[in-house]
Amino acid sequence: MRDLYTIGVFVGFGVGLGVLAAALLAGARLGLALALTAAAAGGVALGLSLADAEEAIGAAAGGLAGAFGAGVLARGALSRGGARVATAALLVLAALVLGLLALIPGVGYLEALVLPTLAMRVRRTGSRRYAGLRILARD
């Protein structure tokens, strides 16, 4: 039972690393690919430095899930006119919260499942730029 808990914690830490990587690389041209690579490598390094190979694999998988989910969300926010600094700041804060929530048993696994699912749902439904008050300026 202890192994399942520690692997879940490292999966959650990997999700946090992935979100952090996506936040820092969201404005780059190949930001999603770089974030996926950095999150997987960071997860493996974290897992191997603090625990065993099982935790390293879990952290790498969590990092991939977190980077993909947050990368899609950040790219969508930036394409709809969001500010880069504000988007990155919110994602860094989310990465910290996700890392702390990973200490709760089972939540790390849940984070790795929910974040990519949420990103795909948002990607499917919201592809237009918000008009806001610009729609009134047409007259």
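Visitor: In which helix is T87 placed?
Guide: The model under discussion is a predicted one. Within it, the place of T87 is in helix α4.

Visitor: Is T87 buried or exposed?
Guide: The relative accessibility of T87 is 13%. Buried means under 20% relative accessible area. T87 therefore counts as buried.

Visitor: Is L96 buried or exposed?
Guide: L96 has its place in helix α4, which spans residues 84-101. Its relative accessibility is 56%, and exposed means over 50%. L96 therefore counts as exposed.

Visitor: Which residues make the nonpolar surface patch of about 440 Å²?
Guide: L96, exposed at 56% relative accessibility, is one of the residues in this patch. The patch is made by L93, L96, V97, L101 and I104.

Visitor: At what angle do the axes of helix α1 and helix α2 cross?
Guide: Helix α1 covers residues 2-25 and helix α2 covers residues 31-50. Their axes come within 8 Å, and α1 passes α2 in a right-handed crossing. The contact is made by residues including F10, F13 and L17 of α1 and L34, A35 and A38 of α2. The axes cross at roughly 145°.

Visitor: Where is G27 placed, and what is its relative accessible area?
Guide: G27 has its place in the loop between α1 and α2. G27 is partly exposed, with a relative accessible area of 40%.

Visitor: How far apart in space are G27 and R75, C-alpha to C-alpha?
Guide: Not counting residues up to four places away in sequence, G27 touches L78 and R84. G27 and R75 are 48 residues apart in sequence. In space, their C-alpha to C-alpha distance is 7.9 Å.

Visitor: What pattern does the protein follow along the sequence?
Guide: The protein has five helices and zero strands. Read along the sequence, the pattern is α-α-α-α-α.

Visitor: Among contacts between residues at least 6 apart in sequence, what share joins residues at least 24 apart?
Guide: The protein has 139 residues, of which 37% count as buried. It exposes about 8,500 Å², with 69% supplied by carbon and sulfur atoms. Among the contacts in question, the share that joins residues at least 24 apart is 79%.

How values were computed. Residues are numbered from 1 along each chain as its sequence is written. This is a predicted model: local features need pLDDT of at least 70, side-chain atom pairs count only at pLDDT 80 or more; totals for chains, interfaces and linings use all residues. Side-chain values use heavy atoms; hydrogens and water are left out. Patches are made of residues with over 30% relative accessible area and no salt bridge: like charges are joined within 9 Å, nonpolar side chains (Val, Leu, Ile, Met, Phe, Trp, Tyr) within 5 Å. Accessible areas come from the Shrake-Rupley method with a 1.4 Å probe; for residues, only the protein chains shown count as cover. A salt bridge is a side-chain nitrogen of Lys or Arg within 4 Å of a carboxyl oxygen of Asp or Glu. Helices (H or I, at least four residues) and strands (E, at least two) are DSSP runs, numbered from the N terminus. Buried means under 20% relative accessible area, exposed over 50%, partly exposed in between (1.4 Å probe, protein chains only). Axes are lines fitted to C-alpha atoms, for helices over the stretch in contact, and angles run from 0 to 180 degrees between N-to-C directions. A crossing is left-handed if the near helix is turned anticlockwise from the far one by less than a right angle, and right-handed if clockwise. Contact means heavy atoms within 4.5 Å.
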